[in-house]
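Dear colleague,

I am passing on a structure for you to look through, and below it I have set out what was found. Please keep the view open while you read, so that you can follow each residue as it comes up.

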Amino acid sequence: MPIHGPDEPVYTIGVMARLVGVSAQTLRAWEREGLVCPQRTSTNNRLYSENDFHRLIRIRDLAAQGINPAGIRAILGTAGERPAAKRG
């Protein structure tokens with residue numbers, strides 16, 4: 001039985017960076033580019049979900065192939081839609 005759902009934000013930026021195999025700074029850059037939008041705590045700390053993990057793995061793999069952020073957004077079909085929806 002899972003402890004939390006796939007959309008529940010539970011992983012800090014440091015933990016997620018280790019899981020994905022990138023630096024925390026890379027995750028922040030991808031957020032600035034609109035590729036991912038983690039939830040925020042009341043103290044403004046980023047929290048990532050299991051679904052964010054799968055998305056970040058895909059972003060990492062696409063970036064490793066040399067695809068720029070605009071191309072990644074096009075491939076993932078998220079030309080700015082997801083970040084705006086989660087911030088509101």
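**Charged side chains**

Aspartate 61 is partly exposed, at a relative accessible area of 33%, where buried stands for under 20%, exposed for over 50% and partly exposed for anything in between, with a 1.4 Å probe and protein chains only. Before going further, please note that this is a predicted model, in which local features need pLDDT of at least 70 and side-chain atom pairs count only at pLDDT 80 or more, while totals for chains, interfaces and linings use all residues. Residues are numbered from 1 along each chain as its sequence is written, and side-chain values use heavy atoms, with hydrogens and water left out.

The partner of aspartate 61 is arginine 60, and their side chains form a salt bridge at 3.0 Å from N to O; the term asks for a side-chain nitrogen of Lys or Arg within 4 Å of a carboxyl oxygen of Asp or Glu. Arginine 60 is also partly exposed, at 28%. Salt bridges with shared partners also link Glu31, Arg40 and Arg46 into one network, and the total by this rule is four salt bridges.

Helices (H or I, at least four residues) and strands (E, at least two) are DSSP runs, numbered from the N terminus.

**The sheet**

Three strands make up an open, antiparallel sheet in the order S1-S3-S2. Strands S1 (11-12) and S2 (39-40) are at the edges and have a single partner strand each, so one side of each has no neighbour in the sheet. Strands count as paired if DSSP finds at least two bridges between them, and S2 is joined to S3 (residues 46-48) by two bridges. Across this pairing, arginine 40 faces arginine 46 in S3.

**Serine 49 and helix H3**

Serine 49 sits in the loop between S3 and helix H3 (50-64), and it is buried at 3% relative accessible area. Its side chain comes to 3.3 Å from the backbone oxygen of proline 6, and at the start of H3 its side-chain oxygen reaches to within 3.3 Å of the backbone nitrogen of asparagine 51. Apart from neighbours within four places in sequence, the residues in contact with serine 49 (heavy atoms within 4.5 Å) are Pro6, Asp7, Glu8, Pro9, Tyr11 and Met16.

H3 itself has 15 residues and spans 21 Å from first to last C-alpha, close to the 21 Å expected at 1.5 Å a residue, the expected span being 1.5 Å times one less than the number of residues. Which residues of H3 are buried? They are Asp52, Arg55, Leu56, Ile59 and Leu62. These residues cover an arc of only 125 degrees around the axis, which places them on the same side of H3; the arc is taken from the directions that run from the helix axis to the C-beta atoms. After H3 comes glycine 66, with a positive phi near 90 degrees.

Conventions. Polar contact = N/O pair within 3.5 Å; in protein donor to acceptor, adjacent residues only side chain to side chain.
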